Amino acid sequence: MSMDRRALLKGIAVAGAGAAVSATPTEASEAPQAPPDAVGMLYDATRCIGCRACVTACKTANDLPGNLYDPPNDLSGDTKNIIKKYEVDGHVASYMKQQCMHCLDPACVRACMVGAFKKRDFGIITWNPGRCIGCRYCQVACPYTIPKFQWEKANPKIVKCELCLHMLKVGKQPGCCQACPKAAVIYGTYTDLMADAKERIAKHPERYWPQGSPKIFGEHDGGGTQVLYLASVDFAKLGLPDLGAESAGALAQKVQHGIYKGFVAPVALYAILGAVLWRNRRAAAKTGGE
Amino acid sequence: MAHASGAQPVGGPLLTRPYKWLLAFLGLWLVILFWRFAAGIGAVSGLTDGYPWGLWIAFDVVIGTALGCGGYAIAILAYILNKGKYHPVVRPAILTSALGYSMAAIAIVIDVGRPWFIWRIPLGGWPDLGGYNWNSALLEVALCVMAYVIVLWIELSPAFLERWAETSSGWLQSLTRWGLKVVDKLLIWIVALGLLLPTMHQSSLGTVMLLAGHKLHPLWNTGWLPLLFLISCVGMGYGVVVWESAVSSAAFKRERETAMLTSLAGTIMVVNAIYLVLRLADLVISGKTLMMFTSGIYSVMFWIEIAVFAAPIVMFANRRRREKFGTMFRASILLVLAGALYRFDTYLVAYNPGPNWTYFPNLPELLITLGVIALEIALYIFIVKRFPILAGVPAARSAH
């Protein structure tokens, strides 16, 4: 009796372990694709002069507190767009613009329990205040640490660039792209921007990093992003992570789906547990309890 | 499944001097909580956009629920492997689980920024149905934990119903007796849920951190996270059961359950050994062998974890030493510490959002966590003194 119970248990354990383990190396997932109506931004750091007009324009466009004379140091609950200066040996090596990258396979969307984060019109990732619980899993998940939380508020919001969707809807461009005097950041459809970036590289390969075969950051990184970057220095020095071509979400999904495919495993486990308990209880009743 | 046999209220006065101190501290806790909800999370914590999860999530929730796995770990032995001799520790284990999970739920309400929308989780996102994100491991955790809190209190309800059936009269007495019958009928299906739900959410707590991607150090970031979290919560569960039995026997002058606890040693050795084999095999298979030694502070943390997981195995290896109460007690602390360290590292120490971020909990943040623990202790003492939870008889007599 106790032997086959043990065997049964072993079976459960092995099945569970098998699901978790076999989930890891399964078939390679296809690279995520941009939605057909995707829009984005192309930021060319070699054109940026660090004037921060875009930072102010972003605040105006999004009705955020702060002004040019007291400029923010980093993204925050008040700031959706920032220009940072990167120095090497005391010289300005490059500027870098930071805002939401609008990933093709966004970790924040995968993380969000209640669908407050979603990839909506034009592939833009927006946050819905009517759903968010404030658990901040999006912040943990975002590979660029972009979503910000209003720590000092009793009714806090998650703040991040939504590509000025409200402006796009009335036929205007995002605030930062309108403001840039050097066209260092431009707005366009994802397809156009990708073509533009490739053309710049083809025309002036010497301007961009790495020498020889310049890289468009966002073409493949973390599954790809709708915001694309070009720069003359290593992106790692500009504060960007080395993500590889696969998104973290793709691995997490393989594991989670491996365990929960069709919800079969939990239901089966419940049935087996119930059956074992029922049998144990009946056996106990026969022998007059314990 | 008449595990009630032998359980009785400890009795004695409730408002002892230490208990009054505990209540006073809980008063201070409520003041800090008021401050948190009035002024925002930033006012009472060291949390930042780089470290959005800190002590409250890593300790109160992730470690707290694993500390609450005593009920799960003992139920596997008592009900599935049918080892009847463990029945005397089932009830205290379920009580600590019910309290541990309820405290984790309270900590979540304190931690989330917009708790007034939490009700959307059990209601499927209502009124905006279809908003659930079934791909979110955290949703799975949230749903399972909510359900499991209810399951645990139902599993524990006979302790309350038995007491009320004795002390009440008239229709109230018939109601509690009827309640006891209903719970007894449903018990196996509730116990089965009590086994299924922790299996699901304790593993998912590991899956949650997979999304952190490059921010989680590769020594911890592996596809086996769910499996490792599941196994380590079982080890922690046994640790808590042994520790609780030891402490409550000293605190309430009950007889020690040494013989029964010693027999747990074999199970504990197996569980921790499986964990260690999987943890190391995973790293070797995924080509991270060198990384175990070359990652600086992360390597140090990693080996401390491994040592603490291995220590109880070494301590139990000698049969004579294992039978000593002191060995069992010390090993139980290490068992709990091992799983707790693994969780703390995965959620905080090995989580690195970038060079410009640091995190250390500040005083109010720490006091909020201590308050959650104080509340748990206060409720535990109240319940075991007034309701039949602990077995007063020696384990040897109640076992068959």
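Let's start with chain A: 9 helices and 9 strands. Those are DSSP runs, H or I of at least four residues for helices and E of at least two for strands, numbered from the N terminus. Keep in mind that this is a predicted model: local features need pLDDT of at least 70, side-chain atom pairs count only at pLDDT 80 or more, and totals for chains, interfaces and linings use all residues. Residues are numbered from 1 along each chain as its sequence is written, with chains lettered from A and ligands numbered from 1 in the order in which they are written.

How much of chain A is buried? Of its 290 residues, 42% are. Buried means 20 or more other C-beta atoms within 10 Å of the residue's own, with C-beta atoms placed from the backbone.

Now the interface. Chain B gives 58 residues to the contact, and chain A gives 56. Contact means C-beta atoms, placed from the backbone, within 7 Å. On the chain B side, α6(B) has the largest share, with 9 residues. That side holds 35 nonpolar, 19 polar and 4 charged residues. Nonpolar is Ala, Val, Leu, Ile, Met, Phe, Trp, Tyr, Cys and Pro; charged is Asp, Glu, Lys and Arg; the others, Gly among them, are polar.

Next, α6 itself, residues 171-208 of chain B. It packs with α5 of chain B, residues 137-167, at about 155°, axes 7 Å apart. So α5(B) is roughly antiparallel to α6(B), the term for angles over 145 degrees. Their contact has 24 nonpolar, 8 polar and 4 charged residues.

Methods: Axes are lines fitted to C-alpha atoms, for helices over the stretch in contact, and angles run from 0 to 180 degrees between N-to-C directions. Angles under 35 degrees count as roughly parallel, over 145 as roughly antiparallel, 65 to 115 as roughly perpendicular and the rest as oblique. Two residues are in contact if their C-beta atoms, placed from the backbone, lie within 7 Å. A residue is buried if 20 or more other C-beta atoms lie within 10 Å of its own, exposed if 12 or fewer, and partly exposed in between; C-beta atoms are placed from the backbone.
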